[in-house]
Amino acid sequence: MARAITSQRKALNTALAWGVGLLIFFPILWTILTSFKTEAQAISDPPVFLFFDWTLENYSVVQERSNYGRFLWNSIIIAGGSTILGIIIAVPAAWSMAFVPSKRTKDILLWMLSTKMLPAVGVLYPIYLLFIKLGLLDTKIGLVIVLMLINLPIIVWMLYTYFKEIPGEILEAARMDGATLREEVLYILTPMAIPGIASTLLLNVILAWNEAFWTLNLTAAKAAPLTAFIASYSSPEGLFYAKLSAASTMAIAPILILGWFSQKQLVSGLTFGAVK
Amino acid sequence: MFAKYALGAATAISLIAAGSASAETITIATVNNGDMIRMQGLTDDFTAKTGHDVEWVTLEENVLRQRVTTDITTKGGQFDIMTIGMYETPIWGKNGWLVPLDDLPAEYDADDILPAMRGGLSVDGTLYAAPFYGESSMIMYRTDLMEKAGLEMPDAPTWEFVAEAARAMTDKDNGIYGICLRGKAGWGENMAFLTATANAFGARWFDENWQAQFDQPEWKETLEFYVNLMNDAGPPGASNNGFNENLSLFQQGKCGMWIDATVAASFVTNPNDSTVADKVGFALAPDTGKGKRGNWLWAWALGIPAGTQKTDAAKEFIQWATSKEYIELVAAKEGWANVPPGARTSLYEDPNYKDVPFARMTLESILSADPTNPTVDPVPYVGIQFAAIPEFAGIAGQVGQEFAAALAGQQSVDEALAKAQALTTDEMEAAGY
Amino acid sequence: MATQHSQPADRLTMAPPAPKPASQPAAADHQSGTKHARTAARLMMAPAVILLLGWMLVPLTMTLYFSFKKFLPLRGGDLGWVGFDNYVRFVSSSAFWPSVQATLVIVGGVLAITVVLGVLLAILLNQPMWGRGVVRILVIAPFFVMPTVSALVWKNMFMDPVNGLLAHVWRAFGAEPLVWLTEASTQSIILIVSWQWLPFAMLILLTAIQSLDSEQLEAAEMDGAPPVKRFAYITLPHLSRAITVVVLIQTIFLLSIFAEIFVTTQGAFGTKTLTYLIFQRVLESQNIGLGSAGGVYAIILANIVAIFLMRIVGKNLDA
């Protein structure tokens, strides 16, 4: 009896969860489907769902028009580079906040977060002038630095919350054994914090990948990532839903695939210290 | 004999050497319109002829404008050629931000550029950007629906007739809307159309003393006429429809009439994209008998920012892209209907082009537009669908939002005009007029 | 659990502002280690702090500088100092207060939707079911989509009143399609942004729920407490900290949303947020001075919101 109820409930949960999941995922699914339609099928009335002549034509048109590979490569370098650089700078900071906290730790953390509140459009002009002076316009390194700075507060905060959960006893034991600070960080903390670092890494790659203001406004041809790629397909002359869908799919696919493969790490680590 | 040969060979070698030594890579910012995409696809022809490579930065219009404006005002130097319009060119040229194009070689035949286009892209007689294509606005209408409504479109209709026809053609149950007009907020969207239309109704943006004129009855008449017409005979959600949205509506056969850029004619008559390609007629933009028609003048042009290191290569590209040969190249590959229109007089004298159904009306529309004398009453500014002052884009962007809200029924015409008047006055004061 | 205990204790020993070295013999060992560690800690924190200080101060200084100038690039650039003119003009413009309101409505709306739906979704996904991994993948996917793309997809393929999928659904039920971006402009933006951020909220809340002591819930169930009560008295209090985190982080990101508005309404129909207004001043009107003054107001607004948040929910962040 009890078993029956549980399995009934399980079935109900399953149905409900799948329904909600598909609903939330539907816009993405629809975009992917549309990218394989012809332009006429993309706007047919009534809409066609699965039974249409699947075509790769949109992808070849998009590829012919823009060098997707270069945009993709720039995105990878910029998102990856800014995240790795950010983590290198943030790990020591987060360590010291977590293990040698002072009464100002929380203030510093919140101050760091508050630097994210400066509206980007308000400082476009000054930053652009600065980039001209430094010769950083349309360079990947320039974007790596800017995106690193934008996401640094989030990285520090995430790492801080993971480090805080590492029991102090282990460190003390290590110290008793004569471990130096460097060894402590390198051999004890870091391995224990790997899950946290991994999910920090992932979250920041996602944030950097999707950043669309600086990456668009500080680049021209050489360093332009996928956000610029998509800007050449939004609102074209005429209604090109299928091509827009193909370009959209190409822009989001890499990060979507990465996210799906690593969702376990992302899910397990994304707590921001919310769990105690 | 031998000496002559040697000399010839030497010259040839030195020419080649000069050509290859100066081979450069130029960066061009352009808009993602169909004609520019086509130009992008033909880059190889340019590279083969000159040895220069091209890096394209193709962006959607709003992003492009934001991008090139930031770069030119800060002298960022990211682009060797920028695609700009008739609004930006005189302002930037006057500021000395563009390289003058007054030394183009004779074979380029700069005098062949349509005088209206040339005038709009020059400052004090010096050309600052070469038109890639030019446009006016005109009526595109469905000949079958017009016939069904028992009406006949004259070549030069009045607004009264257009409104009557629009209401007669409307069949909302079958998804047919008599008239599609721009409603989406933006200085280059609804305000381009409304400013040009207001000219036909006798309205103007500013009087001779730069005082905003939205409190005048002509504006009220314009806006009321437009809102009422769109409510009766326009498509749903018209306040979000810009050029692109209306184009697709028309191509899908949902519009009886559409008054918009003449370049759209080649899109609506292209059977690959348009379901109504063989049922489209053309007429001049309507008037109200006050002596002005609501047809604008615009050109997408290529300009070289001052300060680029690659001026010569950039000039070579502009000569290639805006030449007669380029037009022939496109005609050979894509047909005459797809060549960039509205830039050169010779195109309209070409017998091949005379067969294109919209050629005559496009030329007539362009010729009848007069940016230096756009309104019934005198004005201190140049420009038909805009006023060529730096403040216009910002002001018209905001006014456009008020007018779009009026079209959407979220505020009355009077409220929209009052707000437009207040904010325009405010901005003009801030700018020191 | 051990951490929870040792951290506050640690903090307490260091709480007195005046350094009192080694007054307590028992703690001497610990103290000297701490002292050494503190010097190192400062050094380790330095790069991050200095970089962020630079990233804050350089733009802020430049923004402040421009905000007191009449700076019109299209009219020759720097036209001299104007005192507080830009500040006065920015606030007295008729667009200012509506933009503050729009900002708060959009941020508040998205927060409310993502938190409420996030909690419900997290509870649902925490139940036993078949294929949970796949469902979780489906649910978090929107978070990976760039804002520009999601705005484009929603605007063109769903909300378009003629060809949008939602219009087809409306018509299938015999209703006149809703012109989303005009008739329900703010709600549309909230919908798009919520769709993007719901996965983030859900993920954090899910991790929190998974840490909930299931025995406690089972005991309550045994006692005959109805689900609503179990939720209100056990689950929700447990989630308060996670909710705080969600609200705080999302607020920071939501205050600066831009692409979603730029692509859809361009600030028309009451969707002009403060960020968008600044964009119009800087890039459309090309008035750097005025836009910079707006930037300063935006920072002030952001900090007011932040302080407000701290007051209400900040205590949850201690512990």
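Q: Over residues 43-68 of chain C, what are the helix and strand percentages, and how far apart are the end C-alpha atoms?
A: Start with what counts as a helix: helices (H or I, at least four residues) and strands (E, at least two) are DSSP runs, numbered from the N terminus. Residues 43-68 of chain C come out at 96% helix and 0% strand, with 37 Å between the end C-alpha atoms.

Q: Before we go on, what sort of model is this, and how are residues and chains labelled?
A: The model is predicted, with local features needing pLDDT of at least 70 and side-chain atom pairs counting only at pLDDT 80 or more, while totals for chains, interfaces and linings use all residues. Residues are numbered from 1 along each chain as its sequence is written, and chains are lettered from A and ligands numbered from 1 in the order in which they are written.

Q: Which residues of chain C does UniProt list for "transmembrane region"?
A: UniProt positions are given in the numbering used here, feature names are shortened, and annotations may be inferred rather than shown by experiment. The unreviewed UniProt entry lists residues 43-68, 102-125, 137-154, 189-209, 242-268 and 288-310 of chain C. Take 242-268 of chain C: that span is 67% helix and 0% strand, and its end C-alpha atoms lie 35 Å apart.

Q: And what does UniProt list for chain A?
A: Among the spans in the unreviewed entry for chain A are 12-33 and 71-96. Residues 12-33 of chain A are 100% helix and 0% strand, end to end 29 Å by C-alpha. Residues 71-96 of chain A are 100% helix and 0% strand too, with end C-alpha atoms 38 Å apart.

Q: How many residues are in contact between chains A and B?
A: That contact pairs 20 residues of chain A with 24 of chain B. Helix H6 (124-134) and helix H10 (214-217) of chain A each give two or more residues to the chain A side, and the largest share, five residues, comes from H6(A). By class, this chain A side has 12 nonpolar, five polar and three charged residues.

Q: How is chain B divided into domains?
A: Domain bounds come from an automatic or database domain assignment. Chain B has domain 1 (22-134 + 298-354) and domain 2 (136-296 + 369-431), with 28 Å between their centres over C-alpha atoms.

Q: Is B:Ala185 buried or exposed?
A: A residue is buried if 20 or more other C-beta atoms lie within 10 Å of its own, exposed if 12 or fewer, and partly exposed in between, with C-beta atoms placed from the backbone. B:Ala185 is buried because 28 other C-beta atoms lie within 10 Å. B:Ala185 sits in the loop between strand E7 (177-180) and helix H9 (190-200) of chain B. Leaving out residues up to four places away in sequence, B:Ala185 touches residues including B:Gly400, C:Gln266 and C:Ala268.

Methods:
Two residues are in contact if their C-beta atoms, placed from the backbone, lie within 7 Å. Ala, Val, Leu, Ile, Met, Phe, Trp, Tyr, Cys and Pro count as nonpolar, Asp, Glu, Lys and Arg as charged, and the others, Gly among them, as polar.
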